[in-house]
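Please take a moment to look over the sequence and the model before reading on, and keep both in view as you follow the paragraphs below.

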Amino acid sequence: MSGESPLERKLAREIASRKEAERLLEQKSLQLYEVNQHLELVLSQLKQQTHKDLHKLQFEQQINEALIHFGRAFLSRPLDDGLISSLLERLESSFALSKANLTIEKGLISTVMSYQFGDDAVAVSEQVKPYPLWEEDLLRLPIEVDHQVVGELSVLKDDVEISDEFVVSQMLLVGELLCNAISRQIILTNNQEARSRAEESERSTKEFVAMINHELRTPLNGLLGSAELLQATILDEEQRTLLTNLTHSGDLLRHIINDILDFSKMNAGMMELIPSQFHWQDLREMIYGIFEPKAREKGITFSIDEQGAFPQAFIGDFERIGQILVNLAGNAVKFTSDGGVNVTAKWQDNQMFISVVDTGIGIKKEAQAALFTPFVQADRTAKRNFEGTGLGLAICKNLIELMKGTISLTSELGKGSRFDVMIPLKQAVVTQAESKKKHLDESEKPIEHLSVLVVDDIRMNQVIINQMLKKLSITPDIASNGIEAIKAVGGNRYDLVFMDCRMPEMDGFEATAYLREQKCALPIIALTAGTTLEEREKCIQSGMDDILTKPYTAKDLRLMIEKWA
């Protein structure tokens with residue numbers, strides 16, 4: 001080495017450097033190759049992943065569009081076969097799925113006729129699992145309502161690039177939509193059926209109340225009418241005592257029937273007001289005429305006082321206001337044996353204020369709160385001294401509330417009671433023509449010269465009204481149904497027709513409507529036991545001019561004749 005020249009040493013170093021450089025270049029080339037290979041692998045994987053993501057994104061978008069479309073459809077219309085089939089067709093149109101089937105329990109939904117949808121649908125069995133299940137490429141999903149499996153949704157997966165987990169997640173959304181739609185439809189159907197049952201029940205209740213109303217009032221008309229007619233005959237003392245007992249029992253029965261029927265109307269939501277024009281004087285005379293003789297019999301006083309001026313006439317339900325006062329005054333007289341009963345009336349600020357004050361037995365403080373509750377009486381023991389159903393005050397309160405009024409009670413045991421009533425009323429405008437009409441000269445045609453037709457199918461009612469009219473010197477013609485009535489009107493000239501409503505062959509409504517169609521203008525008065533607004537409206541709509549409610553008296557009959565004939 002020592003013999004080498006400097007030139008040789010330099011050359012050797014350059015050769016060594018070149019070899020080192022070549023080795024390094026070869027190493028770097030290998031590293032670059034490996035990097036290129038890795039990059040190509042990564043790019044290939046990236047391309048593959050991007051392709052999968054695009055498929056996944058596209059599938060998700062298709063499912064979301066289906067969810068939005070059918071979510072709206074399920075809310076806007078009842079679930080039916082067409083909607084279900086359309087949903088399955090939409091799922092099959094997805095590139096990721098090829099078949100979609102749905103099976104639900106037979107008869108689960110009344111609006112859905114089929115229970116198997118799709119070519120491969122099978123019946124729901126116990127084999128349906130309460131969780132998603134894969135059978136190769138077939139996904140089976142349970143349909144649950146109220147934690148009960150009621151069906152199965154199955155789809156066949158076509159796209160291998162979309163993961164099973166993602167298909168399950170999307171199909172669970174579809175399954176949830178179906179479950180909600182089925183639940184909603186079941187609830188709607190149940191509500192509709194419940195509403196139909198309630199309406200049918202209400203209709204049956206109204207028909208029952210109307211039927212009972214007619215069946216109870218009709219024989220009562222015969223009972224009280226016969227008693228009234230007997231009073232005009234010659235009777236010995238014993239017979240008159242028996243007649244008095246009969247009349248008292250009949251009146252008591254009428255009040256009990258009225259209370260029970262009104263209570264039934266309250267429960268059925270049928271309690272209604274029938275406004276008309278009336279005068280305070282008529283109301284006053286009615287109350288005084290009923291209770292002054294009863295009070296005198298008991299040895300107590302009965303008085304009615306007015307404070308201040310009253311309008312000429314009011315608009316309100318005369319019959320129901322009278323019923324309220326009859327109940328309150330009747331209780332006051334019934335529970336008073338010493339002293340008396342005073343009714344005070346006052347008109348102020350378009351309101352009628354009425355107070356009924358008695359010096360009777362009074363009411364215990366603890367019993368006062370429940371006194372307006374149905375069937376509640378201050379004395380409910382078997383040894384009680386006073387008759388009654390315990391419905392009167394409850395009905396009064398209901399009627400007063402219907403009139404937008406108020407009722408209150410103050411009482412002290414052993415000293416008496418005071419009921420204060422406020423009822424809003426409208427003032428009636430009485431024109432000069434109406435005032436003259438009230439005082440028409442009746443000499444144009446005396447009442448005994450009137451020609452009257454009575455239409456009623458019940459023999460007892462025919463006898464009663466025939467005898468009442470004979471007391472007015474009127475001998476009526478009698479018809480037993482609507483067909484006979486039409487023939488009678490066609491062959492005779494009548495001044496007035498009294499028409500029963502419920503009759504065989506042809507009822508009073510049909511007969512009246514037919515007569516009106518034939519341009520018959522004579523007054524037709526309904527004879528009815530019906531007291532509901534619906535029944536009264538039916539009378540007027542058929543063409544009847546007025547209504548005489550059973551049981552009626554000879555006085556009621558005369559007033560009706562004077563009004564219309």
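This is a predicted model: local features need pLDDT of at least 70, side-chain atom pairs count only at pLDDT 80 or more; totals for chains, interfaces and linings use all residues.

Let us begin with helix α6, which covers residues 318-334 and so has 17 residues; from its first C-alpha to its last it reaches 23 Å, close to the 24 Å expected at 1.5 Å a residue. This helix is mostly covered, since 14 of the 17 residues in α6 are buried, a word that here means under 20% relative accessible area. At the N-terminal end of α6 sits a cap, provided by D317, with a side-chain oxygen of D317 lying 3.2 Å from the backbone nitrogen of E319.

Is G362 buried or exposed? Because its relative accessible area is 11%, G362 counts as buried. Leaving aside residues up to four places away in sequence, G362 touches S411, E412, L413, G414, G416 and S417. The C-alpha atoms of G362 and R418 are separated by 9.1 Å, although these two residues are 56 residues apart along the chain.

Finally, consider helix α12 (residues 508-517) and helix α13 (residues 533-542), whose axes come within 8 Å and cross at roughly 25°. Angles under 35 degrees count as roughly parallel, and therefore α12 is roughly parallel to α13. In this contact, F509, T512, A513 and R516 of α12 meet K538, C539 and S542 of α13, and the residues involved divide into three nonpolar, two polar and two charged.

Notes:
Residues are numbered from 1 along each chain as its sequence is written. Side-chain values use heavy atoms; hydrogens and water are left out. Axes are lines fitted to C-alpha atoms, for helices over the stretch in contact, and angles run from 0 to 180 degrees between N-to-C directions. Helices (H or I, at least four residues) and strands (E, at least two) are DSSP runs, numbered from the N terminus. Angles under 35 degrees count as roughly parallel, over 145 as roughly antiparallel, 65 to 115 as roughly perpendicular and the rest as oblique. Contact means heavy atoms within 4.5 Å. Ala, Val, Leu, Ile, Met, Phe, Trp, Tyr, Cys and Pro count as nonpolar, Asp, Glu, Lys and Arg as charged, and the others, Gly among them, as polar. Buried means under 20% relative accessible area, exposed over 50%, partly exposed in between (1.4 Å probe, protein chains only). A polar contact is a pair of N or O atoms within 3.5 Å; within protein, one must be able to donate a hydrogen and the other to accept it, and residues adjacent in sequence count only if both atoms are side-chain atoms.
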